[in-house]
Amino acid sequence: MTIRDIARPREELVSATKETPVTELATMMRERTVGSVVIEERGKPIGIVTDRDLAMKIVAAGKNPRDLTAADVMNGNTITVDADDGVFDVCRTMRESGVRRVPVMDNGELAGILTLDDIIVLLEDELHDLSEVIRSESPPYALP
């Protein structure tokens with residue numbers, strides 16, 4: 001299975017520019033019920049802002065959000081993955097990089113996003129399917 005099979009597509013990706021005010025980023029996250037906004041320039045991801053970034057870099061730091069843009073709080077060391085990468089390879093990349101969300105690239109273009117939550121849902125679906133196989137192949141338990 002590749003990332004293409006489980007990533008959220010481009011149309012579900014929430015993105016903005018580095019000039020976008022952080023108050024607008026927070027509103028976008030609330031309205032779209034997401035925990036991150038990909039910051040892009042000319043169709044390429046240049047950073048990501050998470051709800052944690054807003055809490056730690058603005059609220060906890062006592063800064064005025066009205067004075068800040070995405071460029072002030074984004075993580076500019078964006079880890080991306082390719083749509084044709086395997087799920088286990090991407091899990092390793094996310095673990096080694098310490099990230100929970102990765103923009104997905106396809107032919108050099110931003111194609112979507114994959115989150116840890118997406119992977120957890122995939123694993124839950126797979127485990128459910130396996131448990132159904134086990135149930136169907138197991139003899140019934142005899143009651144005393």
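User: At 41% relative accessibility, what does L123 count as?

Analyst: The scale has two cut-offs: under 20% relative accessible area is buried, over 50% is exposed, and partly exposed lies in between, using a 1.4 Å probe and protein chains only. L123 comes out at 41%, so the residue counts as partly exposed.

User: Thanks! What kind of model am I looking at?

Analyst: Residues are numbered from 1 along each chain as its sequence is written, and side-chain values use heavy atoms, leaving out hydrogens and water. Local features need pLDDT of at least 70, side-chain atom pairs count only at pLDDT 80 or more, and totals for chains, interfaces and linings use all residues, since this is a predicted model.

User: Which helix holds L123?

Analyst: Helices here are DSSP runs (H or I) of at least four residues, strands are E runs of at least two, and both are numbered from the N terminus. By that count, L123 sits in helix α5.

User: Which residues gather in the patch of negative charge on the surface?

Analyst: Asp and Glu count as negative and Lys and Arg as positive, while His and the chain ends are not counted. The place of a charge is NZ of Lys, CZ of Arg, CG of Asp or CD of Glu. With those rules, the patch is formed by E124, D125, E126 and D129.

User: Where is D129, and what is its relative accessible area?

Analyst: D129 lies in helix α5, which covers residues 116-137. The residue is partly exposed because its relative accessible area is 44%.

User: How many salt bridges does the structure hold?

Analyst: A salt bridge is a side-chain nitrogen of Lys or Arg within 4 Å of a carboxyl oxygen of Asp or Glu. The number of salt bridges in this structure is 12.

User: How many residues apart in sequence are the parts that D84 and R4 tie together?

Analyst: D84 and R4 form a salt bridge, with their closest N and O atoms 2.7 Å apart. D84 is in the loop between β5 (81-82) and α4 (87-97), while R4 is in the segment before β1 (8-9), so the pair ties together parts whose separation in sequence is 80 residues.

User: Which strand holds D106, another partner of R4?

Analyst: The side chains of R4 and D106 meet in a salt bridge at 2.9 Å, N to O. This pair links distant parts of the chain, 102 residues apart, with R4 in the segment before β1 and D106 in strand β6 (residues 101-106), so named β6.

User: E132 and R135 meet in a salt bridge too; how far apart are they along helix α5?

Analyst: Their salt bridge spans 3.3 Å, N to O. E132 counts as partly exposed at 37% relative accessibility, whereas R135 counts as exposed at 56%. Both lie in helix α5, about one turn of the helix apart, that is, three residues.

User: Is S36 buried or exposed?

Analyst: S36 is in strand β3 (residues 36-41). Contact means heavy atoms within 4.5 Å, and beyond its neighbours within four places in sequence, S36 is in contact with V14, M29, I48, V49, T50, R101 and I113. Its relative accessibility is 7%, so S36 counts as buried.

User: How far apart in space are L110 and I134, C-alpha to C-alpha?

Analyst: L110 is in strand β7 (residues 109-115) and counts as buried because its relative accessibility is 7%. L110 and I134 are 24 residues apart in sequence, and their distance in space is 40 Å.

User: What is phi of R42?

Analyst: Most residues other than glycine have a negative phi. R42 is in the loop between β3 and β4 (44-50) and counts as exposed at 75% relative accessibility. Its phi is positive, near 55°.

User: Where is N107, which also has a positive phi?

Analyst: Phi of N107 is near 55°. N107 is exposed, with a relative accessible area of 72%. Its place is the loop between β6 and β7.

Methods:
Patch = residues over 30% accessible without salt bridge, like charges linked within 9 Å, V, L, I, M, F, W, Y side chains within 5 Å. Areas by Shrake-Rupley, 256 points an atom, 1.4 Å probe, with all protein chains shown as cover.
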